[in-house]
Amino acid sequence: GETYAYTYNPEVENRAGRTIAGFSTNAESKMLTGCPGCPYVDFSYFNNYYDTPTYAHEWVEAAFDGTKTEFKNGNADFSLYGTYGREQVIKKGTAYMNVFMYVIREFEDALDDCMLMPDINYNSLHAWDEGVCFYTGSIEGQDGATNGGKLLHQLADKRCSNFKTCGPDGVDQAGQSKLNYDLFDLFALGNSQIQSGDCSGARQTTATITKLMYVPLIQSAMRSAYKVDRLSGGEKDKAEGAVFAAAVLPRVHAANPDAAVIIYDNIRVGAPSTDFEAVKGAFESVYANMGITCADIGGLIDYSSEAYYPGMEPCTDTTAATATPSKDLTTGDADASTSTSATTSIADSITAAAITAAPASSTETTVSTENPAAQAATNSATTASPSTGFTNEENGVDTSSFTLDKGAGEADSNIYVDACKCNGAASFTCDLDPLKPNEE
């Protein structure tokens, strides 16, 4: 195809006015109190754990300042890190705390719009596309095969090479991650469900997407724990472990608080020691509750021997379901009491979702049990949430560019996304600049 020149000056052309900091500073109104489906389930995990809706912004700002956070749980004292460690928690906190939750928010917003206007699906489809946009990034290319991505799609591909979960079957050590193959099948399925007005089917699909998005964060936290414990990892490895843990601990805490404490104590900022086996066991103990499997995670590969590192072999779902970390795991919240062994593969989940997806004219009434309260709120809502998108009036699809910008006088954590575009050809583009998260 033809190549078109593209220029962008964020100082004068950021018409959207959105920032990555805003993903967090505006989270309360967009994910907790001000939306038809509020509170969103996964955001509630994080808000309850940190006891602030702006946890991601506060994390990044404290890292910039070299100060301590003031959370209810999961605090970090960034004065213990030098510039190198703080660089890691800023870059990765930006991508995997701020952007991660906003991806989920866009999918939830699509569901809100779908429930409110199932027969008028522009807003819902636009929000769904934005979710895929922010998950993917601007430099993955149409086939997603580049190694230059900076957001969640690229993190999944990097971790698959570490945990031997690449390829369509999840057994390769190179190529695109099975996770991304499966997620894009789910993205397409959700898009189709929304187009047909099957809002309850799209909700089930969204629940599966959200569960799977935690997989690379868990892999990354366990990898960092092993590197610090057994491979003499330095400040960079310790900082990466701390930020990856911060990005997933609230979900672990919702499954079982004691498991979250074990992980936090071993890889928090300033942890006096790290026991990778304790971290691995704590994560595995909540796989079933989180809706993921041992096969989703894989095992950490030693490139020099092409074998798994001792103690980092893949678990089995039977052992993961019965894993007991060092602390007693009988004090979890009500969510944990419903946990069952996680034996359903991602592919099985996609197939099941496709089979149960109902067309708009169907009498199917099955809804996700992920958030009954939010579902009820959505069903009772009478006004549509405003669209966050842009419309190209000439062709009826969104081909406009929008950018998340650090405006003059704003805090340093307002790092902007450069050239985030979504179009009717399902090409999604976003990139982080100037900071480049996920070099590892």
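Contact, as I use the word here, means heavy atoms within 4.5 Å. The model is predicted, so I took local features only at pLDDT of at least 70 and side-chain atom pairs only at pLDDT 80 or more, while totals for chains, interfaces and linings use all residues. Residues are numbered from 1 along each chain as its sequence is written, and side-chain values use heavy atoms, with hydrogens and water left out.

**Entry 1: Ser-24**

I looked up what Ser-24 touches. Leaving out residues up to four places away in sequence, I found Pro-53, Thr-54, Tyr-55, Ala-56, His-57 and Asn-98. Ser-24 sits in helix H2 (residues 20-25); helices (H or I, at least four residues) and strands (E, at least two) are DSSP runs, numbered from the N terminus. Its relative accessibility is 3%, so Ser-24 counts as buried. Buried means under 20% relative accessible area, exposed over 50%, and partly exposed in between (1.4 Å probe, protein chains only). I also noted that the side chain of Ser-24 reaches the backbone nitrogen of His-57 at 3.0 Å. Met-97 is 73 residues away along the chain, and its C-alpha atom is 8.8 Å from that of Ser-24.

**Entry 2: helix H4**

Why do I call H4 largely enclosed by the rest of the structure? Of the 10 residues of H4 (residues 41-50), 9 are buried, so the helix is largely enclosed. Among the buried ones I listed Val-41, Phe-43, Phe-46 and Tyr-50. The cover over them includes helix H3 (27-32), helix H6 (83-116) and helix H12 (235-246). After H4 comes Asp-51, whose phi is positive, near 65 degrees.

**Entry 3: Ala-202**

I found Ala-202 in helix H10. Its relative accessible area is 0%, so Ala-202 is buried. Ala-202 touches Leu-111, Gly-190, Gln-193 and Ile-194, residues up to four places away not being counted.

**Entry 4: aromatic pairs**

I searched the whole structure and got 17 aromatic pairs. Rings of Phe, Tyr and Trp (its six-membered ring) pair if their centres lie within 6.5 Å; planes under 30 degrees apart count as stacked, over 60 as edge-to-face and the rest as tilted. Phe-100 and Tyr-214 make a tilted pair, at 5.2 Å centre to centre and 55 degrees between the planes. Both are buried. Phe-107 and Phe-187 are also tilted, at 5.6 Å and 35 degrees. Phe-107 is in helix H6 and Phe-187 in helix H9 (residues 178-195), so this pair ties together parts 80 residues apart in sequence.

Note on methods
A polar contact is a pair of N or O atoms within 3.5 Å; within protein, one must be able to donate a hydrogen and the other to accept it, and residues adjacent in sequence count only if both atoms are side-chain atoms.
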